[in-house]
Amino acid sequence: MFKFFWQATAVCSQALPILPGKAYPALNQSSIGGRTAKYAFPCRSGKAWKRAVVACLELKDPVITILNNKWYTKHNSITSMKKTSQNNLIYYQFSHIKRLPGIVHGIFTRIGGFSNDPYHSLNLSFNVGDDPIAVQNNIQHIVNTMGLSQWQSLKQTHSCKVHVIDAIIQDPLIGDALITDQPDILLLVKTADCQPVLLTDPVNHRVAAIHSGWRGSVQNIIGKTIVRMVDLGTRPQNIIAGIGPSLGPCCSEFIHYQQELPEYMWSYAVRPNFFNFWEISKSQLQNAGVLEKNIEISKMCTKCNTDTFFSYRRKKISGRFGSVIGINKK
Ligand SMILES: [Zn+2]
């Protein structure tokens with residue numbers, strides 16, 4: 001078990017403005033109560049501006065971040081997603097998409113499948129060294145559980161290529177986002193730290209599944225998928241969006257961020273070298289016209305929750321878990 005200590009010191013004499021997603025300098029080796037704190041951030045508590053000192057002496061990798069003026073820790077007790085167990089599988093659903101009639105969706109965990117270690121057990125990728133029969137069985141198990149009969153996935157390449165499909169395409173489809181308005185096709189994206197993003201246009205009964213890793217974020221695959229949906233007749237203000245379990249701001253470390261991330265993303269740092277890609281995706285959704293009230297972030301970090309999800313950063317040889325969305329059979 002991790003032990004976690006933090007303590008807010010006296011009200012800071014200087015009022016420090018704090019902005020969500022902005023990085024603040026850490027005060028290395030601050031001391032509180034005889035303990036040495038590794039990081040300190042200014043933070044807001046109630047109406048008073050305070051300087052909070054965080055001591056994470058017993059964490060190898062301190063994971064305290066500030067987001068919307070709240071403290072987030074390794075523990076993921078704050079997700080708004082609904083957890084369901086069915087047919088030995090465990091999956092999460094976005095609370096707002098779950099309410100929509102005619103739409104099925106789920107973020108499946110790594111639990112309940114047929115694969116052996118290190119892919120134990122619901123690995124959905126054929127490209128990571130797992131037994132293809134086990135992978136096929138895993139996918140079929142999910143499709144059956146969702147009550148549909150067909151599924152479509154992608155050969156994902158961290159691109160910004162979006163496919164609109166009206167029927168199943170058997171050949172490998174290279175790209176990172178799928179859109180359909182046809183019933184009985186379960187769209188599947190596979191991730192292990194990258195973001196699965198699910199979109200629904202409940203007015204036109206159109207759905208999309210996006211694989212957005214940091215390379216996808218840099219290329220704004222989310223915005224490009226919405227542009228394609230708009231071309232098909234979707235109004236962005238009708239879109240209901242969910243950002244699934246993925247690398248959280250606690251674990252999104254980019255040592256070479258100056259080479260890898262465009263400068264506008266640097267303001268999403270939560271502490272040196274750590275970035276909040278959940279907020280980056282949220283802003284990409286909003287820039288494409290999605291309303292803030294229609295965006296749900298799972299706030300589950302894959303690297304912090306490897307019992308539940310696969311994490312490539314935690315273990316390089318690893319499975320991929322599945323996020324699916326589709327329109328019910330007519
Ligand atoms: Zn984490």
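Analyst: Residues are numbered from 1 along each chain as its sequence is written. The model is predicted, so local features need pLDDT of at least 70 and side-chain atom pairs count only at pLDDT 80 or more, while totals for chains, interfaces and linings use all residues.

Strands here are DSSP runs of E of at least two residues and helices are runs of H or I of at least four, both numbered from the N terminus; two strands pair if DSSP finds at least two bridges between them.

Strand β17 covers residues 240-243. On one side, β17 pairs with β15 (residues 195-201) in the antiparallel sense over four bridges, and T200 stands opposite I240. β17 is also joined to β20 (residues 295-297) by three bridges, and these two strands run parallel. There I243 has I297 as its bridge partner. Strands of a sheet pair through backbone hydrogen bonds, either parallel or antiparallel.

Within β17, I240 and G242 point one way, A241 and I243 point the other way, and all are buried. A residue counts as buried if 20 or more other C-beta atoms, placed from the backbone, lie within 10 Å of its own, as exposed if 12 or fewer do, and as partly exposed in between. In a regular strand the side chains alternate between the two faces of the sheet.

A208 in β16 is the bridge partner of I179. Contact means that the C-beta atoms of two residues, placed from the backbone, lie within 7 Å.

The loop between β12 (162-164) and β13 (177-180) holds I169. I169 is exposed, because 12 other C-beta atoms lie within 10 Å of its own. From C-alpha to C-alpha, I169 is 9.1 Å from S153, and the two are 16 residues apart in sequence.

A further open sheet of six strands has the order β8-β9-β10-β21-β14-β11, also with mixed pairing. β8 (82-86) and β11 (150-152) stand at its edges with a single partner strand each, so one side of each has no neighbour in the sheet. The twist in this sheet averages 30 degrees from one strand to the next.

β8 and β9 run antiparallel and are joined by five bridges, with Q86 and L89 as bridge partners. They form a hairpin with two residues between them, and N87 in the turn has a positive phi of about 55 degrees. Two bridges join β9 to β10, again antiparallel, and Y92 stands opposite I107. β10 (residues 103-108) runs antiparallel to β21 (residues 321-327), to which five bridges join it; I103 stands opposite I327. Helix α2 (residues 132-146) lies across β8, β9, β10, β11, β14 and β21, at about 35 degrees to β21.

Helix α6 (residues 277-287) is largely enclosed by the rest of the structure, because eight of its 11 residues are buried. Among them are F277, W278, I280 and L285. Just after α6, G289 takes a positive phi of about 105 degrees.

For the whole chain, the count is six helices and 21 strands, and 44% of the 330 residues are buried. Of the contacts with a separation of 6 or more, 63% are between residues 24 or more positions apart. The mean pLDDT (the predictor's confidence in each residue, from 0 to 100) is 81, with 76% of residues at 70 or more. Over residues 1-77 the pLDDT is below 50, although this stretch has 124 contacts in the model beyond near neighbours in sequence. Where pLDDT is low, the predicted coordinates should not be read in detail.

Technical notes
Axes are lines fitted to C-alpha atoms, for helices over the stretch in contact, and angles run from 0 to 180 degrees between N-to-C directions.
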